[in-house]
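Reader: I would like a close look at one part, taken slowly, and then a connected account of the other places that deserve attention. Please keep to what can be read from the coordinates.

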Amino acid sequence: MSSPTSDAIRWVRVSTCHLPLATPISDAKVLTGRQKPMTEVVMLFTEVETAGGHQGLGFSYSKRAGGPGQFEHAKELAPALLGEDASDTGRLWTQLCWAGASVGRSGLATQAIGAFDVALWDLKARRAGLSLAKLLGAYRDSVKCYNTSGGFLHTPLEQLLVNAQASVERGIGGIKLKVGQPDRAADLKRVQAVREHLDQLGKGTALMVDANQQWDRPTAQRMCRAFEDLGLVWIEEPLDAYDHEGHAALAAAFATPIATGEMLTSAAEHADLIRHRACDWLMPDAPRVGGVTPFLKVAAQAEAAGLMLAPHFAMELHVHLGAAYPSETWVEHFDWLEPLFNERLEIRDGRMLVPTRPGLGFTLSEQARHWTRASAEFGERP
């Protein structure tokens, strides 16, 4: 419904921003020839302002493909928000979904909606003078965090050890390594070397591995067995993201927990994964599933199923959502997005502190504006 009050949305801007990566990134999907190295992250930013001057910032993202499509779909959807009450996050998510119903309710379509939804939640929390975590009902003021950006497969073993030590010295509580290359012995060698190095540091640092969906079922069985005695927190995406039966079989067979879920792009897809008991650690990605509104639905299902939660990527958002989950979560530390914002997250004693600033607690930097390739505005600023 439209709003005659100060909460009526009067202005919306959508922008596409291309964030270059300092080094081309390779995981198992590159070594198996299914994808090319990643050289940039394409961000979709949305800015919303109400008649009363309340503002919200949201974002979604794409890797390797989809960025231009997200931006174009966001431009199609943005006019539907004008005149609407910014507080009605649930109704507006559904309204945007129906506005783009012909392109579906998952994938690129919901990722475009996600940027608007995050902006509306950011606005709601800013208006209340609360962090997003506090608005949602935080269980803690910090979350456990682990680093991924130093453990990609293009990184030589010697540098892996250097990166792992640097993360530990920074106060990060866990290290995740990419595995899944064609040489399985090389995978095991790298993981064992980092495990030994972390043990020598004596900080109790957690270790995880991520195969990025590149094993078949027999290989996954063998590799899970080989890793069983290394004390891993989890083995991530050993199989195709939609092979729920295969993941469930691994979760039942091995003591090392199985993690998956980051590639799913709707609450409904997560419901199917949970129904199959396909993991121990669920890894939803709020921008990918369509924002905070569907993420909360996924989290409620995960809690009911007794699953642990480790949101994927986008730590600037997931630090809040992780803090609002009943049991302890892990949040992924990636420093890639830091140049886009004026503020930084604080890391201490293996944990990421939830910002106390209102909303997400982030504002776009001049560098983000510099990397912006196109934008479109709708309505008029108050």
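Author: Gly-52 lies in the loop that joins strand 2 (38-50) to strand 3 (55-63), and what follows should be read with the reminder that this is a predicted model. With a relative accessibility of 40%, Gly-52 counts as partly exposed. Between Gly-52 and Ala-324 there are 28 Å in space, C-alpha to C-alpha, while the two are 272 residues apart in sequence.

Helix 3 (residues 89-99) has Thr-89, Leu-92, Trp-93, Leu-96 and Cys-97 as buried residues. Viewed down the axis of helix 3, these buried residues fall within an arc of 140°, so they line one face of the helix. The cover over them includes strand 1 (9-25), helix 2 (67-77), helix 4 (108-128), helix 11 (286-289) and helix 12 (292-304).

Of these neighbours, helix 4 can be followed in detail. The axes of helix 3 and helix 4 come within 10 Å and cross at roughly 160°, which makes helix 3 roughly antiparallel to helix 4. The crossing of helix 3 past helix 4 is right-handed. On the side of helix 3 the contact is made by Thr-89, Leu-92, Trp-93, Leu-96 and Cys-97, and on the side of helix 4 by Thr-110, Ile-113, Phe-116, Asp-117, Leu-120, Trp-121 and Lys-124. Sorted by class, the residues of this contact of helix 3 with helix 4 are eight nonpolar, two polar and two charged.

Helix 2 also packs on helix 4. The axes of helix 2 and helix 4 come within 9 Å and cross at roughly 60°, and helix 2 and helix 4 are therefore oblique to each other. Here too the crossing is right-handed, as helix 2 passes helix 4.

Helix 6 (residues 157-170) and helix 7 (residues 184-201) have axes that come within 10 Å and cross at roughly 35°, and helix 6 passes helix 7 in a right-handed crossing. Leu-157, Leu-160, Leu-161, Ala-164, Gln-165 and Val-168 of helix 6 meet Lys-189, Arg-190, Ala-193, Val-194, His-197, Leu-198 and Leu-201 of helix 7. By class, the contact of helix 6 with helix 7 holds nine nonpolar, two polar and two charged residues.

Helix 10 (residues 267-275) comes next, with Ala-267, Glu-269, His-270, Leu-273 and Ile-274 as its buried residues. Seen down the axis of helix 10, they fall within an arc of 155°, so they line one face of the helix. The face of helix 10 turned away from this buried side carries the exposed residues Ala-268 and Arg-275. Among the elements that cover the buried residues of helix 10 are helix 9 (244-253), strand 8, strand 9 (281-282), helix 11 and helix 12.

Strand 8 (residues 258-260) contains Thr-260, and Thr-260 counts as buried because its relative accessibility is 0%. Apart from neighbours within four places in sequence, Thr-260 is in contact with Glu-237, His-247, Leu-273, Ala-278, Cys-279, Trp-281, Leu-282 and Met-283. One of these partners, Leu-273, is a buried residue of helix 10.

Finally, a few backbone angles call for attention. Most residues other than glycine have a negative phi. Just after helix 10, however, Arg-277 takes a positive phi of about 55°. Asn-212 is likewise not a glycine and has a positive phi of about 50°; Asn-212 sits in the loop between strand 6 (206-210) and helix 8 (217-227). Its relative accessibility is 2%, and Asn-212 therefore counts as buried. Phe-313, again not a glycine, has a positive phi of about 60° and is found in the loop between strand 10 (308-309) and helix 13 (315-323). At 0% relative accessibility, Phe-313 counts as buried.

Note on methods. Residues numbered from 1 in each chain as written. Predicted model: local features only at pLDDT ≥ 70, side-chain atom pairs only at ≥ 80, totals over all residues. Heavy atoms only, no water. Helix = DSSP H or I, 4+ residues; strand = E, 2+ residues; numbered from the N terminus. Buried < 20%, exposed > 50% of the residue type's maximum accessible area, 1.4 Å probe, protein only. Contact = heavy atoms within 4.5 Å. Arc of directions from axis to C-beta. Axes fitted to C-alpha atoms, helices over the stretch in contact; angles between N-to-C directions. Parallel < 35°, antiparallel > 145°, perpendicular 65-115°, else oblique. Left-handed = near helix turned anticlockwise from the far one by under 90°. Nonpolar A, V, L, I, M, F, W, Y, C, P; charged D, E, K, R; others polar.
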